[in-house]
Amino acid sequence: MGRLLITTPLEETWDKKRELIFLGEWCKLFSQKKSWENLNYTTLTYHWDDRNKLYNDYKYLNNLYESLLVSLSLTLNKIHGVNFSNKYWRILIGPWLGVFIQVIYDRWEMIQKALDLEEELFSIITEKDISEHVPNDMSEFLDFICSDNWNQHIYESIILETNIIKQIKGQSSYNKKNEKAKINIRKKSLKSFIKSFINFFGKLLTPSNSPLVLSSYLSKKNELKMGLTNKYFPLWNNNIKPTIYTFSGQKRDFKINYITKNLFEKFILKAIIKQIPKAYLEGFERLRMKAENLGWQKNPKYIFTSNNYWADDLFKCYSAMQSLNNVPLFTGQHGGHYGTGKFSFIEDHQLSISDKFISWGWTNKKYNYKIAPIGNLKYIKPKKKRNSNNKKLLIITCSLPRYSYHLYSILISSQWINYFEDQCEFVDSLNEKIKTITTVRLSSADYGWDQLLRWKKKFPNLNYDLNKELMINQLNKTKLVVSTYNATTFLESMSMNIPTVIFWNPNHWELREDAIPFYEELEKVKIFHKNPVSAASHINLVYDELEIWWNSDQVQSVKTLFLHRYCRNEDRLIKKLNEEFKKS
């Protein structure tokens, strides 16, 4: 009898008496190691371990997204009896459609990898209510794609579509009510009540033609300053309870007019119809009405956000409607990967919908006319004097979903295991004296990787920070920051002039061509390293006289040039923003 293919950690789909094939490392939870380590199994390698394939797939999927966006926009116009522009639908459904195509392609390719074994395979297929796996909105979709149950459903759908792997009927123990979906979690606190109270009176004091600014990434002081200069009151809280929409199978009886080129494209068309969030189909009219009655500006001069363009469907619907009236949409950078990573769907999407994009200092040729390199919207004030009693080395780590999500040049899915092994090699390479003053800051989102269990098994005597304290407070108590991934953290520590060492695997964190020279300069002065041993060796060498290395003219000069490009501090931030928005 052939081997049994396991696609997720849900043990209801396992038969431990048989020879097993795990589709990927995401199937084998570290906390459940006793239940699988002695089984007769093999694990498939991840298809995007071939990073050339990843980049080529990204380009293919982006082109597919652009084509399907046009076709789906026409289809939704017809269903809803409207005639909205492609830009309208890009703003509203673009984030979901782009990520959905990338996610389904990843799951599709892994099933193809199993089929490439060219042997008899079996899989236990559970009986589920399909409607339970249709997301309510973008926010719930982002929860679903990280969950085992949703991914089990998607893998089963692909297995049924290919009809090559033999199916064994099983029973599902899935109960959606037991899942703590973000959509049902609302923390009521005095702080949120005060924000809502301020918002209520702020709306009354704000003219209907003033700018609408929400989640700008500016400090509260700068948001207030910007509001005063533009005669509006800042929106400091958008904690509006989401509407729960009802699934309708009849509503999903439609076709998308698109000529497919391969089997995957045939499958994705069916999957879009089954999986499009209810907010965009069954609940579209209610979503529009709610967006029109938010009490926000009816005729805003412009709209500015750095966050809500992605998962906030109410904000996106409001912005999409305003785009029909030619109201400019301005967005701002809100992370450190921007401008440096080789590719990023979020960055591409944000630039495509923005009439003006505020970067922290960088620009590029394609969108040069849109990008205003003003500076870090948070504005990080450098520390003039550091506490000489700080002894701690702080390692800042990341955790990413076990299943791939939106694509950008980072480690993906099971590659996190390689990342963790690099962190262990780094700590192993530190001298014993430094190890005793080392703290590992773990990511607040674990995604089932069991970070703390893994770390404590390897290094039981290290100090661990479980991310309960604000990063800024930790940085202020740190002698040296070690940043292990391409994101905001090292930009913040360097901006505060805290000694910083960066290392990561360049094969998992590819840089774009115009960023490479800046990182080569960081590498020359030993701030940036391409492997853990090099980073640890440098730290062992300079730790006792860290300030001498960090404050040397060469290091400070390279650091300053790098920050000017990727995280500059602008003293006249609000003035510059106002000038840019007025000009646009």
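## A helix over the sheet, and a pocket

Helix H5 (residues 148-162) lies across strand S4 (121-127) and strand S5, and runs at about 125° to S4. Keep in mind that this is a predicted model. The protein chain has an average pLDDT of 93, and 93% of the residues score at least 70. The stretch to treat with care is residues 178-188, where pLDDT stays under 50. For that stretch the model has 17 contacts beyond four places in sequence.

S4 and S5 belong to an open sheet of five strands with parallel pairing, in the order S3-S2-S1-S4-S5. Strand S3 (41-43) and strand S5 (166-171) are its edges, each pairing on one side only. Neighbouring strands of the sheet are turned by 30° against each other on average, if you ignore direction. Looking at one pair inside it, strand S1 (residues 3-6) and strand S2 (residues 20-22) run parallel over three bridges. Ile-6 has Phe-22 in S2 as its bridge partner.

Now for the second largest pocket, which has a volume of about 670 Å³. It's lined by 25 residues, and the closest to its centre are Tyr-55, Lys-342, Phe-343, Asp-348 and Lys-366.

Terms used:
Residues are numbered from 1 along each chain as its sequence is written. This is a predicted model: local features need pLDDT of at least 70, side-chain atom pairs count only at pLDDT 80 or more; totals for chains, interfaces and linings use all residues. Side-chain values use heavy atoms; hydrogens and water are left out. pLDDT is the predictor's confidence in each residue, from 0 to 100. Contact means heavy atoms within 4.5 Å. On a 1 Å grid over the protein atoms alone, a cavity is a set of points where a 1.4 Å probe fits but cannot get out, and a pocket is an open set with protein on both sides within 12 Å along at least five of seven lines; lining residues have an atom within 4 Å of a point. Grid points are joined across faces, edges and corners, and a volume is the space filled by probe spheres set on the points. Two strands pair if DSSP finds at least two bridges between them. Helices (H or I, at least four residues) and strands (E, at least two) are DSSP runs, numbered from the N terminus. Axes are lines fitted to C-alpha atoms, for helices over the stretch in contact, and angles run from 0 to 180 degrees between N-to-C directions.
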